[in-house]
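Visitor: I would like a guided look at a protein model. Could you show me the sequence and the fold?

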Amino acid sequence: MTAPAATILYDTVRWEEKALSGAARRAGADVRMLDCRSLSLDVDGEARGYGTVLQRCVSYYRNVHSTAALEGMGARVINCLRTGMLAGNKLYTHMLLRKAGVAVPRATVSFSRDAALGAAGRLGYPCVIKPTVGSWGRMISRLSGAEAASGILEMREAMHPLYQVHYVEEFVKRPPRDIRAIVVGDRVVAAIYRHSDGWKTNMALGGRAEPCSVGAEMEDVCIRARDAVHGEIVGVDLMEDEARGLLVHEVNNTTEFKNTVRVCGVDIPSIMVSHALEAGRR
Ligand SMILES: Nc1ncnc2c1ncn2[C@@H]1O[C@H](COP(=O)(O)OP(=O)(O)OP(=O)(O)O)[C@@H](O)[C@H]1O
Ligand SMILES: [Mg+2]
């Protein structure tokens, strides 16, 4: 059997993975779907028979470990291990974005309940506490005041060590929406506003999407955010701060784009597949 030009590595088949596979079929490209749960790699060997690997695993741990193995064995993986590790963690991303001169929400990190209460007090209430690793708005809470914060921190202190790293951001004063911009290679291919009735605008929580036009400033911010985490195909999440303009609060290394395709009408799956095929030829 000849090696495919590319492999879509997944652990959950979302709309995105089906769309990527469909785009490959339409392009007549030999792209294979591979369930990460069926992988069993001899990591001291060479990666043969994958082509360019489009890393689409939802699980952070499967994602970075399968990337580490395949990339270490010589495969070209998009996004690379560095991006998976860096963008997969909101604190690491925050530090890198700052260093790259990308505006970000003010943030603190603390390692005990009392220290986190002090940090939240300094940031001012309301503020937002987030797991450093996670998505879909899960376990992200708005801390309305010291009493609510103390209760949430107490619960977190009893959880997995990940949740005992207390990453707290200022609550950004913005319109009731945020922005998701999809970057493929050197271009922002499309962007959406995400609106919702609640303060979290994630589509996974019932947010509504509408097209967002990409101006020169947004393009520049997104490309710098991509570079900060050494990314190639990423979803950049931005908020429009009343005073400071565009702030980046997250860079997604296995980005969802279903609603961006739906409301912008841009064929993002085809753009991603041709990027992967092109990367394999370089
Ligand atoms: N500092 C903040 N101030 C105000 N709103 C915020 C702040 N941080 C996040 N939000 C809101 O909460 C939502 C979820 O936050 P964030 O994107 O950081 O988490 P996530 O769960 O990793 O998201 P995703 O599903 O996009 O991966 C954002 O889309 C935004 O609407
Ligand atoms: Mg987000």
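Guide: What follows is a set of questions and answers on this predicted model.

Visitor: In what order do the strands of the four-stranded open sheet lie?
Guide: The pairing in this sheet is parallel. Strand 2 (31-35) and strand 4 (77-78) are its edge strands, each pairing on one side only. The order is 2-1-3-4.

Visitor: How many bridges join strand 1 to strand 3?
Guide: Strand 1 (residues 6-10) also pairs with strand 2, in the parallel sense, over five bridges. There, Thr7 has Arg32 as its bridge partner. On the strand 3 side, Ala6 stands opposite Thr52. Strand 1 and strand 3 run parallel, and the bridges between them number four.

Visitor: Which residue in strand 4 is the bridge partner of Leu54?
Guide: Strand 3 and strand 4 pair in the parallel sense. Two bridges hold this pairing. The partner of Leu54 is Ile78.

Visitor: Is strand 1 enclosed or open to the outside?
Guide: A residue counts as buried if 20 or more other C-beta atoms lie within 10 Å of its own. Ala6, Ile8 and Tyr10 point one way, Thr7 and Leu9 the other way, and all are buried. That makes five of the five residues of strand 1, so the strand is largely enclosed by the rest of the structure.

Visitor: Which residues of strand 3 point the other way from Thr52 and Leu54?
Guide: In a regular strand, side chains alternate between the two faces of the sheet. In strand 3, Thr52 and Leu54 share one direction, and all of the residues on both sides are buried. Pointing the other way are Val53 and Gln55.

Visitor: What angle does helix 1 make with strand 1?
Guide: Strand 1 pairs with strand 2 in this sheet. Helix 1 (residues 15-26) packs on the sheet and touches strand 1, strand 2 and strand 3 (52-55). Its direction makes an angle with that of strand 1 of about 165°.

Visitor: Which element gives the most to the side of domain 1 that touches domain 2?
Guide: The contact takes 13 residues from domain 1 and twelve residues from domain 2. On the domain 1 side, helix 1 and helix 2 (60-72) are the elements that give two or more residues. With three residues, the top contributor is helix 2.

Visitor: Which strands stand at the edges of the five-stranded open sheet?
Guide: This sheet has antiparallel pairing and the order 11-10-9-12-13. The two edge strands each have a single partner strand, so one side of each is left without a neighbour in the sheet. They are strand 11 (208-211) and strand 13.

Visitor: Which residue in strand 11 stands opposite Tyr193?
Guide: Strand 10 (residues 187-195) and strand 11 run antiparallel. Four bridges join them. Opposite Tyr193 is Glu210.

Visitor: What is the phi of Trp136?
Guide: Trp136 sits in the loop between strand 6 and strand 7 (141-143). It counts as partly exposed because it has 13 C-beta neighbours inside 10 Å. Its phi is positive, although Trp136 is not a glycine, and lies near 60°.

Definitions and conventions: Residues are numbered from 1 along each chain as its sequence is written. Chains are lettered from A and ligands numbered from 1 in the order in which they are written. This is a predicted model: local features need pLDDT of at least 70, side-chain atom pairs count only at pLDDT 80 or more; totals for chains, interfaces and linings use all residues. Two strands pair if DSSP finds at least two bridges between them. Two residues are in contact if their C-beta atoms, placed from the backbone, lie within 7 Å. Axes are lines fitted to C-alpha atoms, for helices over the stretch in contact, and angles run from 0 to 180 degrees between N-to-C directions. A residue is buried if 20 or more other C-beta atoms lie within 10 Å of its own, exposed if 12 or fewer, and partly exposed in between; C-beta atoms are placed from the backbone.
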